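Take a look at the protein below. This report walks through its pockets, its cavity, its cores and a few backbone details.

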Amino acid sequence: MQRLVSYNYKGERQWGVLSADGTSIYPAIDLEETYFIPLAETLGDFIESGEEGLLNLAHALEMNGKDKAVAPIALADVRLEAPFYPRRNVLCVGKNYQAHVKEFDQNANAKNPEDPIFFTKATTSIIGPDEEIDSHPAATQEVDYEGELGVIIGKRGTNIAEEDAMKYVYGYTIINDVTARDLQKKHLQWFRGKSLDTFCPMGPTVMVGDWPLPFTIYTKVNGSLRQEGTTTDLIFSIPKLIATLSDGMTLLPGDVIATGTPQGVGMGFNPPKFLKKGDVVEINIDPIGTLRNPVK
């Protein structure tokens with residue numbers, strides 16, 4: 001298991017590998033130049049290089065483990081950024097946890113959807129760890145959070161069978177599917193209410209390699225736990241989502257699927273607890289990390 005990050009160091013955007021203890025980063029550019037092993041310029045390009053890229057990275061890290069020629073950079077000396085920017089909209093799933101279905105519909109007897117509900121978020125809404133979520137007070141009064149597991153596609157595929165779907169998963173990240181609830185209701189289609197600038201915090205890492213499912217999602221606002229859910233409770237599993245999306249539609253390396261949010265969003269409280277200026281949202285999924293964003 002490796003955790004890949006993009007970061008700004010001395011004014012330049014780079015990417016690298018987070019150390020096992022999470023305190024430092026091995027820069028990909030230094031590994032490439034030291035061991036003459038090709039690694040992509042950006043993490044997005046590296047994801048598109050697929051298995052070959054991962055093998056190259058593993059080889060470089062193995063060599064560095066022996067001679068220590070590449071020194072890590074302290075995490076405290078960099079600013080983490082969004083890991084990468086997908087080439088097309090983030091693919092999202094609505095109502096994928098039973099308890100969230102009930103709170104969303106405000107009906108204890110609400111039925112689960114018969115098929116996955118898909119929508120997208122514009123890539124222009126993506127921000128990284130510790131960047132500010134703009135509350136857009138002129139456009140909305142009901143800004144909400146949604147902590148979600150993001151699944152990253154690693155290779156091109158169409159009409160993927162469920163039993164083969166996990167072969168197409170490159171890794172995982174965290175998505176905060178920030179939502180303007182009033183715009184979501186007003187426009188019926190969810191795209192606008194989900195896609196205002198800064199409404200898709202993503203990161204802090206891209207976790208690749210074998211890791212036993214399930215993942216547990218914790219969302220805190222100002223230190224208070226709001227959401228706790230496990231991907232065991234997904235109505236539509238990750239393989240089902242991949243199979244359904246790829247049925248007649250090609251999935252591409254770097255596509256991100258936000259798999260849905262568990263119970264505990266702001267609109268589910270009585271009265272609702274929407275985000276306001278000064279709030280801090282933290283979403284934790286081990287071992288991916290914690291995605292933290294203040295609200296302005």
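How does the lining of the largest pocket divide by class into nonpolar, polar and charged residues? It has 14 nonpolar, 5 polar and 4 charged residues. Here Ala, Val, Leu, Ile, Met, Phe, Trp, Tyr, Cys and Pro count as nonpolar, Asp, Glu, Lys and Arg as charged, and the others, Gly among them, as polar.

First, some ground rules. The model is predicted: local features need pLDDT of at least 70, side-chain atom pairs count only at pLDDT 80 or more, and totals for chains, interfaces and linings use all residues. Residues are numbered from 1 along each chain as its sequence is written, and side-chain values use heavy atoms, with hydrogens and water left out.

## Pockets and cavity

The search runs on a 1 Å grid over the protein atoms alone. A pocket is an open set of points with protein on both sides within 12 Å along at least five of seven lines. A cavity is a set of points where a 1.4 Å probe fits but cannot get out. Lining residues have an atom within 4 Å of a point. Grid points are joined across faces, edges and corners, and a volume is the space filled by probe spheres set on the points.

| Space | Volume | Residues nearest the centre |
|---|---|---|
| Largest pocket | about 550 Å³ | Glu-51, Leu-54, Tyr-170, Val-208, Gly-209 |
| Second largest pocket | about 280 Å³ | Arg-13, Gln-14, Trp-15, Glu-41, Thr-42 |
| Largest cavity | about 70 Å³ | Gly-94, Lys-95, His-100, Glu-146, Trp-190 |

Elements are named by DSSP runs, numbered from the N terminus: helices are H or I with at least four residues, strands are E with at least two.

Start with the largest pocket. Its lining holds 23 residues. Helix α3 (50–67) gives the most, with 7 residues. Strands β11 and β13 each supply at least two.

The second largest pocket is lined by 17 residues. Two or more come from each of β2 (12–18), α1 (28–35) and α2 (43–48). The largest share, 4 residues, belongs to β2. By class, this lining has 9 nonpolar, 4 polar and 4 charged residues.

The largest cavity has 15 lining residues. Elements β6, α4 (98–105) and α5 each give two or more of them. The lining divides into 4 nonpolar, 5 polar and 6 charged residues.

His-100, Val-101, Glu-103 and Phe-104 are buried in it; buried means under 20% relative accessible area, exposed over 50%, and partly exposed in between (1.4 Å probe, protein chains only). Helix α5 is among the elements that cover these buried residues. After α4 comes Gln-106, with a positive phi near 50°.

## Nonpolar cores

In soluble globular proteins, nonpolar side chains tend to be buried together. A nonpolar core is a set of buried Ala, Val, Leu, Ile, Met, Phe, Trp, Tyr and Cys residues joined through side-chain atoms within 4.5 Å.

Which members of the largest nonpolar core touch the most other members? They are Leu-149, Tyr-172, Ile-238, Ile-242, Ile-257 and Ile-288, out of 40 residues. Elements that give two or more residues include β6 (90–94), β10 (147–153), β11 (169–176) and β14 (216–221). Helix α7 (238–245) gives the most, with 4 residues.

Zoom in on Ile-257. Leaving out residues up to four places away in sequence, Ile-257 touches Leu-91, Val-93, Leu-149, Gly-150, Val-151, Ile-153, Ile-242 and Leu-245. A contact means heavy atoms within 4.5 Å. Apart from this core lies another, of 34 residues, among them Trp-15, Ile-37, Phe-46 and Met-267.

## Backbone details

Where are the cis peptide bonds described here? One joins Gly-203 and Pro-204, with omega about 0°. Pro-204 sits in strand β13 (200–208). Another runs from Asp-286 to Pro-287, with omega near 0°. Pro-287 is found in the loop between β17 (280–285) and β18 (289–294).

Asp-130 is not a glycine, yet its phi is positive, about 70°. Asp-130 lies in the loop between β8 (126–127) and β9 (143–144). It is partly exposed, with a relative accessible area of 47%.

Leu-188 also has a positive phi, near 65°. Its place is the loop between α5 (181–187) and α6 (191–194). Leu-188 is exposed, with a relative accessible area of 68%.
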